[in-house]
Amino acid sequence: MKSKDKFVKKCEMYNLYHLDENSLQSSVAPTNLNVGILTTEHLDDIADTWEQSSTEQVDSTKEYINVLINTFLNVCLCNSIEKVVAYGLGTDCGTIGYLHVNANYRGRGCTKALISMLSAKYIEAGITPSVKIQPENILSISVHEQIGYQSSGIVVYDMEF
């Protein structure tokens, strides 16, 4: 057992944002991309984008992703050959847990479209979409505000490990 003086303290601060039905500014998928939902057929596409510490973790990563896509709301954008080029995975509490846009598709409005479409799915399900964003992530704050998210406070996590 570690003594108290060997624990590392970490403090993280996030801005909280929420979105109500009347504030949602819809955004459409960029031209030439098809909107869909993630399925097990997309596991390889998603696993290729997932940060892993070793190749031995690929199978467990795919199992984890499979659970996520079969449990939570999600949306994806596919190119003309049905390869996933961008996706958003939700959580059980109305937040976006994972968001990824392939580097070749950045700057085209994919992020805004994913956040807007996933947020709309939460609203349809009767869940108020929310997000926590690190204060220095100005780009994420800007995109969320463009979609209609409004600031609802700050949360600070004080952790020891």
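Biologist: Leaving aside its neighbours within four places in sequence, which residues is glutamate 12 in contact with?
Modeller: In this predicted model, glutamate 12 is in contact with Val155, Val156, Tyr157 and Met159, once neighbours within four places in sequence are set aside.

Biologist: And is glutamate 12 buried or exposed?
Modeller: Glutamate 12 counts as buried because its relative accessibility is 17%, and buried means under 20%.

Biologist: Which side chain does the side chain of glutamate 12 make a polar contact with?
Modeller: That would be the side chain of lysine 10, at 2.9 Å. Glutamate 12 itself sits in strand β1, residues 9–18.

Biologist: New topic! How much space lies in the largest pocket?
Modeller: About 560 Å³. Among the 20 residues lining the largest pocket, Leu99, Thr111, Asn137, Ser140 and His144 are the closest to its centre.

Biologist: Which element gives the most to that lining?
Modeller: β5 does, with six residues. By type, the lining of the largest pocket has 10 nonpolar, eight polar and two charged residues.

Biologist: What does β3 pair with?
Modeller: Strand β2 pairs with β3 in the antiparallel sense over three bridges, with valine 35 partnered by leucine 77. Strand β4 also runs antiparallel to β3, joined by five bridges, and there valine 75 stands opposite glycine 88.

Biologist: Which residue in the β3–β4 turn has a positive phi?
Modeller: Glutamate 82, at about 65°. The hairpin has five residues between β3 and β4.

Key:
Residues are numbered from 1 along each chain as its sequence is written. This is a predicted model: local features need pLDDT of at least 70, side-chain atom pairs count only at pLDDT 80 or more; totals for chains, interfaces and linings use all residues. Side-chain values use heavy atoms; hydrogens and water are left out. Helices (H or I, at least four residues) and strands (E, at least two) are DSSP runs, numbered from the N terminus. Buried means under 20% relative accessible area, exposed over 50%, partly exposed in between (1.4 Å probe, protein chains only). A polar contact is a pair of N or O atoms within 3.5 Å; within protein, one must be able to donate a hydrogen and the other to accept it, and residues adjacent in sequence count only if both atoms are side-chain atoms. Contact means heavy atoms within 4.5 Å. On a 1 Å grid over the protein atoms alone, a cavity is a set of points where a 1.4 Å probe fits but cannot get out, and a pocket is an open set with protein on both sides within 12 Å along at least five of seven lines; lining residues have an atom within 4 Å of a point. Grid points are joined across faces, edges and corners, and a volume is the space filled by probe spheres set on the points. Ala, Val, Leu, Ile, Met, Phe, Trp, Tyr, Cys and Pro count as nonpolar, Asp, Glu, Lys and Arg as charged, and the others, Gly among them, as polar. Two strands pair if DSSP finds at least two bridges between them.
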